[in-house]
Amino acid sequence: MRIGTARQDYITDEALFDTTTQRVWMAVFLAVLVAYPFVANDYWLYLACLVAIHVASATGLNILTGYTGLVSLGQAAFMGLGAYTVAVLETRYGTPFLFNLFAGGVVAMVGGIIVGVPSLRVKGLYLAIATIAASFIAHFLFVNLGFTGGTGGLSVPPATVFGLALDTSFRIYWLIMPVTILMVLGAANLFRTRVGRAFIAIRDRDISAEVLGIPLLRYKLLSFALSSFYAGVAGGLWAYFFRVVTPESFPLLLSIFFLAAIIVGGMGSILGAILGAIFMTMVPEVLRLVVGWLPIEGDTLQYVAPVRTIVFGLLIILFLIFEPHGLAEVWRRIRRFFHLWPFRT
Amino acid sequence: MDWLFFFEVVLAGIGGGALYALAGIAFVIIYKATRVVNLAIGEMLMMGAYFFLTFFAILELPLWAAVVLALVSGAALGGVIERLAIRPMLGEDPISVFMVTVGLGSIMVGLVEIIWTADQRRLPEFMPSEPIFLGEAFISSKVFYGFLIALALVILVVCIFRYWRGGVALRATASDQGAAYAMGINVPRVFSLAWVAAAALATVAGIVVGAIGGLSSSMGVFGLSVLVVVIVGGLDSVVGAMAAGLLIGVLEALAGAFLGGEYKLLTTFIVLVVVLMLRPYGLFGTREIERL
C-alpha cells in the first residue's frame with residue numbers, strides 16, 4: 001500500500017499511473033529507451049529488439065492466459081501466422097510495412113478465433129492440448145501450402161520507410177520498440193475497461209461470470225482474438241527483424257517459452273509479462289557467458305544447449321514452487337521496501 | 001486396394017497402438033490418483049530407455065538384470081520427481097502443476113543430452129528377429145513382441161487395479177480424496193505409489209519404443225502422441241487409454257502408409273480436435289459437473 005495517495009475521484013483512482021513518482025520514472029524509462037540505440041553496440045541492440053518482440057508476444061499471451069485463464073500452447077503458431085503473412089505480402093505485393101504488420105495481426109487473429117471456438121466446451125488443460133494441435137496444424141500448413149516456400153521458408157526484404165531500408169538493428173529498433181510500447185500500453189488500458197474486467201471475471205470463475213451477464217463465448221473468443229493479434233504483430237516484427245521465415249522458426253518450444261515467460265514474470269500482470277520476457281530472453285545469453293568463463297577443457301559450447309534446456313526447466317519449476325506470483329511480485333516487494341523504509345513491511 | 005498391405009499396416013498400427021496404450025495408462029494412473037496432467041510422460045519414457053541403454057549396452061549386463069535395473073531406476077526417478085517437484089505443488093492450480101511437468105520434461109531432455117549426448121543411439125538387438133507371419137501378413141518381430149509385452153503389462157495393471165490393496169487405495173483416492181483419507185488410506189503414499197508405478201510402466205514402454213525406433217533426446221515427441229491418446233480416451237479412463245491407443249496407433253499407421261510420413265502427427269491432431277468438439281471429456285472420460 002502506497003502512502004499519501006488519498007484519491008478523491010474515480011478518474012484518479014482509475015489512472016494508469018497514479019502518482020507523480022510513477023510518471024517521472026516512466027518518463028525516465030522512455031528517455032532511456034530513446035537513448036539506448038545511440039549508446040549500445042550491435043549485440044545489445046539485437047538483444048533489445050529480440051526482447052521487445054518477445055515482450056509483445058508475451059503480453060498477448062498474458063491477456064489470454066494470465067487474465068482470461070485460458071491456457072494456450074499455440075502462441076508460437078500465431079506468431080508464425082503473422083510472420084508468414086508479412087513475408088508473403090512483402091515479397092509478393094510489396095505493400096507498406098505498417099499495413100503488413102496489421103494484416104499479420106488480423107490473419108493471426110482469425111486463426112486465434114478458429115482455435116478459440118472449442119474453448120466454450122473444452123476447458124482447462126483439454127484446451128491447452130487442443131492448442132498444441134493448432135500449432136502442429138499450422139506447422140503442416142506452413143510446409144505444404146505452396147506459397148509459403150515449403151521447408152525452406154521465405155526470405156523477407158527489409159521494411160522501407162520513404163526509401164530507407166530498415167536493415168540494421170539500429171534502424172529496425174525504431175520500428176520494433178514503438179510498436180511494442182503501443183501494444184503494451186494498449187494491454188494495460190484494456191484492463192481498465194469493461195472488456196478487460198469481463199476477462200478477469202471469466203478467469204476467476206467462468207460460470208459465475210456468465211451468471212453476471214457476461215456472454216462467455218463472445219468474450220473468450222475476443223480474448224483469443226486479441227491475444228493472437230498481439231502474437232501476429234509480434235510475428236510480423238520477427239519476420240522483419242530476422243528477415244527469413246521458416247516453418248521451424250515457430251516450434252512448440254517457443255510457445256512453452258512464452259508460457260514460461262509469463263509464469264516467471266507473474267501471470268495476470270502487465271509488468272509480469274514484460275519482466276518475464278526480458279528475463280527468459282536474457283537467461284540463455286547470460287548462460288552462454290557463464291559457460292564461456294568456466295574453466296572446462298575442450299569444447300564447452302556443446303554443453304551450452306543442454307544446460308540452457310535444464311536451466312529453462314529449473315526456472316519454471318523453482319518459480320512455480322517458491323515464487324508463484326513471479327518477478328512482478330518480487331518487484332513489488334522491493335518497491336514496498338523502499339516506500340516504507342525505514343519501517344519494515 | 002491391396003488388402004494384404006492394408007491388413008499389414010493395420011497390424012503394425014495395433015502394435016504401435018499397444019505402446020501408446022501402455023504409456024497412456026501410465027499417464028492415466030498419475031492423473032487418476034493425483035490430478036496432475038503430466039506433460040513429461042514422453043521424457044520419463046525416454047529416461048527409462050536411456051537407463052536400459054546404460055545397463056544393457058554400456059555396462060553389458062545380462063538382459064534380465066538390465067531390465068530389472070532399468071525398471072528400478074525408472075521407478076526411483078518417478079518417486080524423486082513426485083517428492084521434489086509435485087508434492088510441494090499439492091493443492092495448487094492444475095495449470096501450475098502442468099507447467100511444473102513441462103519444466104521437468106525440459107530438465108530431463110537437458111540431462112540426457114549432457115550425460116548421453118544428443119546423438120541418436122541404437123539398442124543392441126535383444127528380441128528374436130525372425131519376422132512373424134499371421135496368415136499371409138508380415139509383422140516385424142519387434143512390433144509383435146512389443147505388442148505382447150504391452151498387452152501383458154496392460155492386463156497386469158488392470159488386475160492390480162482390481163485386486164491389490166494398493167490398487168484399490170488408488171481407485172479410492174481417485175474417486176474421493178477426502179473420503180479415502182477418512183477411511184485410513186495414506187493419500188500421500190498413494191501419490192508416490194502412482195508416480196512410481198507410472199514411471200516403471202513408462203520405462204517398459206521406453207525400452208520397447210527405443211528397441212523399435214532407436215534412442216534420441218527428442219524421443220519425448222512420443223509423449224505428444226500419448227497425450228493425444230489420453231485426451232481422446234478421456235483423462236481418467238484406463239479403458240479409454242487402451243481404446244484410444246489402438247485407435248490412434250492404427251490411424252497413424254494408415255496415414256503414414258497411404259498419405260506419407262508427414263501426415264502422421266497431423267492425423268492424430270485432427271482426430272484430437274474432432275473428438276474434443278464432439279465429446280469434450282474424451283470418449284470414455286467422466287464428465288465433470290461444475291457447481292458454483
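The model is predicted: local features need pLDDT of at least 70, side-chain atom pairs count only at pLDDT 80 or more, and totals for chains, interfaces and linings use all residues. Residues are numbered from 1 along each chain as its sequence is written, while chains are lettered from A and ligands numbered from 1 in the order in which they are written. The predictor gives the complex an ipTM of 0.84 and a pTM of 0.89.

**Confidence in chain B**
- The mean pLDDT (the predictor's confidence in each residue, from 0 to 100) of chain B is 86.
- In chain B, 100% of residues reach 70 or more.
- Confidence is highest in helix 3 (residues 63-86) of chain B, at a mean of 92, and lowest in strand 1 (residues 132-134) of chain B, at 74.

**Chain A overall**
- Chain A has 14 helices and four strands. These are DSSP runs, numbered from the N terminus: H or I of at least four residues for helices, E of at least two for strands.
- Its radius of gyration is 21 Å, close to the 20 Å that the globule rule gives for 345 residues, so chain A is as compact as a globular protein of that length. The radius is taken over C-alpha atoms, and the rule is 2.2 Å times the number of residues to the power 0.38.
- Of the 345 residues in chain A, 44% are buried. Buried means that 20 or more other C-beta atoms, placed from the backbone, lie within 10 Å of the residue's own.

**Where the chains touch**
- Chain A gives 33 residues to the contact, and chain B gives 33 residues. Two residues are in contact if their C-beta atoms, placed from the backbone, lie within 7 Å.
- On the side of chain A, the largest share, 13 residues, comes from helix 13 of chain A.
- That side has 28 nonpolar, four polar and one charged residues. Ala, Val, Leu, Ile, Met, Phe, Trp, Tyr, Cys and Pro count as nonpolar, Asp, Glu, Lys and Arg as charged, and the others, Gly among them, as polar.

**Helix 4 of chain B**
- Helix 4 (residues 94-116) of chain B has 23 residues.
- Of these 23 residues, 17 are buried, so helix 4 of chain B is largely enclosed by the rest of the structure.
- T117(B) follows the helix, with a positive phi near 60°.

**D236(B)**
- D236(B) lies in the loop between helix 9 (221-233) and helix 10 (238-258) of chain B.
- D236(B) is buried, with 21 other C-beta atoms within 10 Å.
- Beyond its neighbours within four places in sequence, D236(B) contacts residues including V28(B), Y31(B) and K32(B).

Notes
The expected span of a helix is 1.5 Å times one less than its number of residues. A residue is buried if 20 or more other C-beta atoms lie within 10 Å of its own, exposed if 12 or fewer, and partly exposed in between; C-beta atoms are placed from the backbone.
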